[in-house]
Amino acid sequence: MNGIQIDPRAALNLAWALIAALAQLLHMTKHLNSRQLPPSITSDSVTLIGDIETAHDLFDSIEALMARLGLAAALLDAAEKLLQNSLCDRMTLPNMRLPIPVNHDGQLDELLSYDAETDAIQCQVANASELVEEHFHVLEAMANIAANGLIPRLEVDGTAVTFPTVSASILDHGRGAGHTIVSTCRISGLHLVAGEVEVRIEGFRDERVFRAHLSDAARLAAILSRPPFTAAIEFSEVFFLLPLLPHRNGKVVIERIWDIEEQTQFDFSYLGSSGTRVGESGAKILR
């Protein structure tokens, strides 16, 4: 026993998440499911059990899959050790932004190394970030299984196939501020209590409207203005502190705001071609 009590239903959900991640990785969403890999739950493991006849597409490529997963897991393990050692001091400096550049160096003796002079990570593996991103959903599912004190396993026709070890803490290192970007924006909603705005930023996220957070300085600058208004802004995204983790659209912080211009004239851009009112997202609003 591992000392951790887990609801069997929760363990099954973890197993199904791993099956779904494997299916997505292999582009087999319609061909791989829990009936083909029925999970077996014990006190210390989650085992996916299958045979070549019911899931032959998976098992035909299992060796290559495990090799790629193993390398991706090893890269994240090296990144975690780097974060806890060489990058520890860097994380305390206020002006150090994320992500840290990753450069390929095929002559490197270790998987990852941090060069403080260039403020960059050297990596022995080419396209390491892309490799981790490609396998991230499987790695994430395995990390969640490990976080619950269980070991993920795969059994093919009675033969055990070993999953690589993935740290349960790869997603627990938090996030930090990214490099700042200067742009112009249109703010259509201001929520001072929450310290947020509804904003569309030029050249960013396909110029869709989303919610962004305001720094204290930006909040003071915007507090007397009435939306909708345009402004110049300096903003940043948040990134995972752990190197090599794929970036996902996360929190955006507007750090500075200036040149605010309220739109005093009527703005009919929110009207559809038929005169039907639409929201910022493009959804129709019924009168």
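In what order do the 3 strands of the open sheet stand? The order is S3-S5-S4, with mixed pairing.

1. Basis. This is a predicted model: local features need pLDDT of at least 70, side-chain atom pairs count only at pLDDT 80 or more, and totals for chains, interfaces and linings use all residues. Residues are numbered from 1 along each chain as its sequence is written, and side-chain values use heavy atoms, with hydrogens and water left out.

2. Sheet edges. Strand S3 (102-104) and strand S4 (112-115) stand at the edges. Each has a single partner strand, so one side of each is left without a neighbour in the sheet. Strands are DSSP runs of E, at least two residues; helices are runs of H or I, at least four; both are numbered from the N terminus. Two strands pair if DSSP finds at least two bridges between them.

3. S4 and S5. Strand S5 (residues 120-123) runs antiparallel to S4, and 4 bridges join them. Ser113 has Gln122 in S5 as its bridge partner. H3 packs on the sheet and touches S4 and S5; its direction makes about 35 degrees with that of S4. Contact means heavy atoms within 4.5 Å. Axes are lines fitted to C-alpha atoms, for helices over the stretch in contact, and angles run from 0 to 180 degrees between N-to-C directions.

4. Nonpolar cores. The largest nonpolar core has 55 residues; Leu18 and Leu154 touch the most other members. Its largest share, 12 residues, comes from helix H3 (residues 62-84). A core is a set of buried Ala, Val, Leu, Ile, Met, Phe, Trp, Tyr and Cys residues joined through side-chain atoms within 4.5 Å. Another core, of 18 residues, lies apart from it and includes Ile187 and Phe229.

5. Phenylalanine cluster. Ring pairs link Phe204, Phe210 and Phe235. Rings of Phe, Tyr and Trp (its six-membered ring) pair if their centres lie within 6.5 Å; planes under 30 degrees apart count as stacked, over 60 as edge-to-face and the rest as tilted. Phe204 and Phe210 have ring centres 5.9 Å apart and planes at 55 degrees, so this pair is tilted. For Phe204 and Phe235 the values are 5.0 Å and 65 degrees, so that pair is edge-to-face. Phe235 is buried at 1% relative accessibility (buried means under 20% relative accessible area, exposed over 50%, partly exposed in between; 1.4 Å probe, protein chains only).

6. Charge over ring. The charged end of Arg205 sits over the ring of Phe210, 4.8 Å from its centre. The criterion is NZ of Lys or CZ of Arg within 6 Å of the ring centre and within 35 degrees of the ring normal.
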